[in-house]
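Please read each point with the coordinates open beside it.

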Amino acid sequence: LHEAVLTMSLIQSPDFQHILRILNTNIDGRQKVMYALTKIKGVGRRFANLVCKKAEVDLNKRAGDLSPDEIDRVVAILQSPLQYRIPEWFLNRQRDYKTGEHSQVVSNALDTKLREDLERLKKARVHRGLRHAWGIKVRGQHTKTTGRRRG
């Protein structure tokens, strides 16, 4: 009986995917769903956990075992979390500078938003923007002896 249990866990389903493509990111199908989603830039462990619960995906499942329907639900929640009653304070882009909206920015959009924010700070000649432009520490750390190699 014990051997049968061991062999059952080693058998893969015929439609198992080793690599999934979600939101322009390759995801390892062998990892559990929650941890596999964290490979998407802008999605952490807590947000991935919440997304899996909202999508009603089994947290013990491997990412490669997800059905296309489950993947579509997860992607829909990642792209518009407020419609699925994920609170505003959980999102990574609160009160956007231009629109004033709350959103979860993931993948390539995250890089774009970060670049736009830094360009806005540099253009306004704000202290934070200047320090980003000079390539030195921005958040008030000491710089007398550290941070000399960067650049």
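1. Two strands are taken to pair if DSSP finds at least two bridges between them, and the helices (H or I, at least four residues) and strands (E, at least two) are themselves DSSP runs, numbered from the N terminus. In that sense strand β1 (residues 19-22) and strand β2 (residues 25-28) pair in the antiparallel sense over four bridges, with arginine 21 standing opposite asparagine 26 in β2.

2. A word on the basis of these points: the model is predicted, so that local features need pLDDT of at least 70 and side-chain atom pairs count only at pLDDT 80 or more, while totals for chains, interfaces and linings use all residues. Residues are numbered from 1 along each chain as its sequence is written, and side-chain values use heavy atoms, with hydrogens and water left out.

3. In a regular strand the side chains alternate between the two faces of the sheet. In β1, Leu20 and Ile22 make up the covered face, whereas Ile19 and Arg21 are on the uncovered one. The hairpin of β1 and β2 has two residues between the strands, and leucine 23 takes a positive phi near 50° there. The backbone oxygen of leucine 23 also lies 2.9 Å from a polar atom of the side chain of serine 107, a residue placed in the loop between α4 and α5. Serine 107 counts as buried because its relative accessibility is 9%, where buried means under 20% relative accessible area, exposed over 50% and partly exposed in between (1.4 Å probe, protein chains only).

4. The structure holds nine salt bridges, each being a side-chain nitrogen of Lys or Arg within 4 Å of a carboxyl oxygen of Asp or Glu. One of them joins aspartate 69 to arginine 73, with the closest N and O atoms 3.1 Å apart. These two residues are four apart in helix α4 (residues 68-79), and are therefore separated by about one helical turn. Aspartate 69 is partly exposed at a relative accessible area of 47%, as is arginine 73 at 30%.

5. Which residues are linked in a network of salt bridges? They are Arg93, Asp96, Lys113, Asp117 and Arg120. Within this group, arginine 93 and aspartate 96 have their closest N and O atoms 2.5 Å apart, and both residues are buried. Lysine 113 also forms a salt bridge with aspartate 96, here with a closest N and O distance of 3.9 Å; this pair links distant parts of the chain, since lysine 113 is in helix α5 (residues 108-123) and aspartate 96 is in the loop between α4 and α5, 17 residues apart. Aspartate 96 counts as buried at 8% relative accessibility, whereas lysine 113, at 26%, counts as partly exposed.

6. The largest pocket has a volume of about 190 Å³. Its lining includes Arg93, Asp96, Lys113, Asp117 and Arg120, together with others such as Asn92, Tyr97 and Leu114. On a 1 Å grid over the protein atoms alone, a pocket is an open set of points with protein on both sides within 12 Å along at least five of seven lines, a cavity is a set where a 1.4 Å probe fits but cannot get out, and lining residues have an atom within 4 Å of a point. The pocket lining divides into four nonpolar, two polar and six charged residues, with Ala, Val, Leu, Ile, Met, Phe, Trp, Tyr, Cys and Pro counted as nonpolar, Asp, Glu, Lys and Arg as charged, and the others, Gly among them, as polar.

7. The structure holds one cavity of 30 Å³ or more, a volume being the space filled by probe spheres set on grid points joined across faces, edges and corners. The lining of the largest cavity has eight nonpolar, no polar and no charged residues, among them Leu20 and Ile22, and α2 (33-37) gives the most to it, with three residues.

How values were computed
A polar contact is a pair of N or O atoms within 3.5 Å; within protein, one must be able to donate a hydrogen and the other to accept it, and residues adjacent in sequence count only if both atoms are side-chain atoms.
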